[in-house]
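Good morning, everyone. Please look at the screen while I walk you through one structure.

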There are 2 protein chains.
Amino acid sequence: MDSIERKKFLSKIARLYYLEGLTQQKIAGRLNISRTKVSRYLDEARKDKVVEIKINLPKEDYSRLEYEIEKRFKIKECIIVPASGNKEEILKMMAGPLNNLFERILAGGSYLGIGWGSSLKGISDYINVSGKSDIKVVPIIGGLGKIGTGVHTNSVAKNIADRLGSISYMIHSPAILDSKEIREIVENDSNTREIIKLSEKIDTAMVGLSDIGPDSTLIKTGCFSLEEFKYLDSLGVVGDVNLIFIDENGKHVPNKIDERIVRISPDRLKKVKNVIGVAFGRRKLKVILGALRGGLINILFTDRETAENIINSG
Amino acid sequence: MDSIERKKFLSKIARLYYLEGLTQQKIAGRLNISRTKVSRYLDEARKDKVVEIKINLPKEDYSRLEYEIEKRFKIKECIIVPASGNKEEILKMMAGPLNNLFERILAGGSYLGIGWGSSLKGISDYINVSGKSDIKVVPIIGGLGKIGTGVHTNSVAKNIADRLGSISYMIHSPAILDSKEIREIVENDSNTREIIKLSEKIDTAMVGLSDIGPDSTLIKTGCFSLEEFKYLDSLGVVGDVNLIFIDENGKHVPNKIDERIVRISPDRLKKVKNVIGVAFGRRKLKVILGALRGGLINILFTDRETAENIINSG
DNA sequence: AAAGAAATTGCACAATTGTGCAGCAATTGA
DNA sequence: TCAATTGCTGCACAATTGTGCAATTTCTTT
C-alpha cells in the first residue's frame, strides 16, 4: 500500500471509529482485518495526524500552563486565572475554581486549616460550597491583625466556616509574641495547645505567602519592622509561607524570630495532604518559587502573569 | 459550578486525557474525583464540543460518502474514487483500493469468481497483490468476446491469476448460445459442468454491470442485438449483473434469453460472501441501484459523480 | 416543613481497547 | 539459493473504559 492509499485507508478507519462510533471489533469485521490491526491502525492515524483531537478552550484558558507547572514542580494542581492587575478582580476570578476544588477535596468530617493573609481574606468572601457542613475549620497560625478588621485569623476562619455551613475553632493567641518565653507559656496553655493539636488532623490547608519587601502586608500591619525583614533578608530568606520563613529553594531558614511565633510547624505542614497557596504578583514570585520547590504547598492559585514568570524562572 | 467554570473544568480534564495521555484513573486521583466521573465528564466534553475530533482527510477523500452508501444499502463496502471523465484513469485510481481489498478478503486457498466486462478487464491490469498464490481464479460466466482480444472471460481470469501469482481455470463454453437445447448440452458436458460446480466454492466474486442502452459493450461486441435489448427493456429490465438481468429493485426478471446463457445462477451469486461490482457513469446508474437494492453486489467500486447520483436517487 | 420527583453518585460488572510475545512471512545480503 | 534479519500478525492476557443499578442527594412542590 503506498503512502496516499494508506492514508486514505487510515482515514476510513478513523472515520468509522471516531465519527461513526463503531467499535474496533465491528470495524475489523467490516473490513475483514483483525481487531488488533484496527487498534494499531488507529494508533498510526493518531501519530500521523490523520486524526487530530482538538480541545476548544474557553477564552482565557490556561490549562496548558497549569499542567506545565504541575509537572515541573510535581504539585497536585495549579489554577491560573487571567491577570487583570486588580487584586480584587483576580481574587474574584479564583472563586469558581476554588469552590470547585473544595467540592472535590473536602471530604466528609475533615479538618481544614486556615492561615492568614490578605489574599486569603479576600478570596474567602467568595466561597460558596454546599454539602460540606461537617467540615471543621481550624486556624493554623496565631492571630495577626486586629480583631474587628476582618483580617484577623479567627475572622477569616469563621467567615470560611460560615460559607461552608460548618463550624470553626478559634485560636486565642497572637501569632507573634514578644519573647520565646511568652510564646512557650502561651503555647502551653490548654486553649492554644488544643488548637495546635488539631492541626494534626488537618488534611487540607489554605496558607498565605508573603514576600519580605517594605510593601508587604506584614509591614503595613505593623507585625514586623523593616529591621527584622532586613535581618531575615541577610539570612537568605525570600519570604514566608504561613510565617515559615524560607529561602529560594523552600528550605526553612532558622532564625531568631521563629521562636516567638505560634503556628503549625514546617514538618507538620509538609505532611498535610492538600496545601493550597494563593499568591500572585511580581513581588511574590520568589516566595512562590520557594514554596513550590520546597514542597510547602501542592496546590497553587495564581494569575497568568505570575504563572508565566514561574515557568520562565524554572 | 456555572457554565463557564464547568467548561474550563471539562477542558482541563479533556487536556489531561487527550493531550497529556493520562488514564481516567490517574486523572481521577489527581483531581480527587471518582473515575466514573471522569468518564462522564469526558462524555460531556465530547457532547458539548469541548473536545472535537477532526480527521484530516487526504484531498479527494470520499469516505463519508462511502459510509453513507454502505449504510443506505447495507453493503459491506463502497469505494469511491475521484471522477475524471476518463474511464482508464478512473480504473487506475481504483487499483490501490482494490489491491487493499484483495489483501483483506482473499483468504488462503479460497476461490475467486470472475465475470466479464470492460471495467473488469481494465482494472485487472492494475492488480498487484503478493502472498495470494493459493487462490484459485474461476470464471463465473461463459466466454464473451473473442479469444485473443484480451476481453474474453478466460483471458481476464488468467490475467488476474497471473497477477496474484496463482492459477486460473478456463471455461470452454460461450456465455450466450443459440438455443436452450444447445445450452443444455454444453452445460452437461463435463468440462463446463466442472467449472459451474466450482462456483459453489467461491467466496469472492468480481462482476461486471451493464446497462441495456445502445452504447453498452454487449451491443458493441455483438453479443446482443438492439431488438433483444428492446425486448428486455419492455420487461422492465434496467441492466445486468454478470448477465443476470434485473429490474430497478434488483429482482431477476425472467425472460426467454436466460435459458440460452451459461453463468452462475442468481441464487448462487447471492450466497457468495463478497461480490465486488465495478461500475460508474450516468448510463449505469439504474443498474447499479438495482444491484445494490437487490443485494446482488455487496462491495461497490465507483466514482464520485456516480456515488453522488446514487445517494441522490436514494 | 415534608413529601415526592429528579438528578447525581459510586459500585460492580461488562465491554472495549492496548500490548508483550511467539511464530510466521518478507526482505536483505552474501 | 540460502541463511539471517527484519517486520508483521494474531493470540491471549492485562489494562482501561463504559454503564445499569441502587442508594443517596438535591431540587420542587405543596
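**A charge over a ring**

Start in chain B. B:Lys256 lies over the face of B:Tyr231, at 4.7 Å from the ring centre. Here is the rule for that: NZ of Lys or CZ of Arg must be within 6 Å of the ring centre and within 35 degrees of the ring normal. Now chain A. There, the charged end of A:Lys256 sits over the ring of A:Tyr231, 4.7 Å from its centre.

A word on the ground rules. This is a predicted model, where local features need pLDDT of at least 70, side-chain atom pairs count only at pLDDT 80 or more, and totals for chains, interfaces and linings use all residues. Residues are numbered from 1 along each chain as its sequence is written, chains are lettered from A and ligands numbered from 1 in the order in which they are written, and side-chain values use heavy atoms, with hydrogens and water left out.

**Two copies**

How is chain B laid on chain A? By a turn of 180° and a shift of 0.0 Å along the axis, with an RMSD of 0.0 Å. The two copies are thus related as by a two-fold rotation axis.

Which residue of chain B comes closest to the rotation axis? That is B:Ile53, at 2.3 Å, taken at its C-alpha. Now the interface. 100% of the interface residues of chain B are also interface residues in chain A, so the copies meet through the same surface.

**Domains and a helix**

Chain A is assigned domain 1 (3-47) and domain 2 (63-312). Those bounds come from an automatic or database domain assignment. The C-alpha centres of the two domains of chain A lie 52 Å apart.

Next, helix α4 of chain A, residues 63-72. Helices (H or I, at least four residues) and strands (E, at least two) are DSSP runs, numbered from the N terminus. The buried residues of α4(A) include A:Leu65, A:Tyr67 and A:Ile69. Buried means under 20% relative accessible area, exposed over 50%, and partly exposed in between, with a 1.4 Å probe and protein chains only.

What do the buried residues of α4(A) pack against? In chain A, β2 (77-81) and α14 (304-312). In chain B, α1 (3-19) and α2 (24-31). Contact means heavy atoms within 4.5 Å. After α4(A) comes A:Lys74, with a positive phi near 50°.

**Positive phi elsewhere**

Most residues other than glycine have a negative phi. A:Lys49 has a positive phi of about 60°, although it is not a glycine. A:Lys49 is in the loop between α3 (35-47) and β1 (51-55) of chain A. In chain B, B:Asn242 has a positive phi of about 55°, and it is not a glycine either. B:Asn242 is in the loop between β7 (239-241) and β8 of chain B. Is B:Asn242 buried or exposed? Buried, with a relative accessible area of 2%.

**Aromatic rings**

How many aromatic pairs does the structure hold over all chains? Eight. The rings of A:Phe224 and A:Phe229 have centres 5.5 Å apart and planes at 35°, so this pair is tilted. Rings of Phe, Tyr and Trp (its six-membered ring) pair if their centres lie within 6.5 Å; planes under 30 degrees apart count as stacked, over 60 as edge-to-face and the rest as tilted. Both A:Phe224 and A:Phe229 are buried.

In chain B, the rings of B:Phe224 and B:Phe245 have centres 5.9 Å apart and planes at 90°, so that pair is edge-to-face. B:Phe224 lies in the loop between α10 (217-220) and α11 (226-234) of chain B, and B:Phe245 in strand β8 (residues 244-246), so the pair ties together parts 21 residues apart in sequence. B:Phe224 is buried, with a relative accessible area of 5%. B:Phe245 is buried too, at 0%. Back in chain A, A:Phe224, A:Phe229 and A:Phe245 form one aromatic cluster.

**Last stops**

B:Thr192 is in helix α9 (residues 190-198) of chain B. At 1% relative accessibility, B:Thr192 counts as buried. B:Asp178 sits in the loop between β5 (167-168) and α8 (180-188) of chain B. B:Asp178 is exposed, with a relative accessible area of 67%.

How values were computed
Copies are superposed by least squares on the C-alpha atoms of residues with pLDDT of at least 70 in both.
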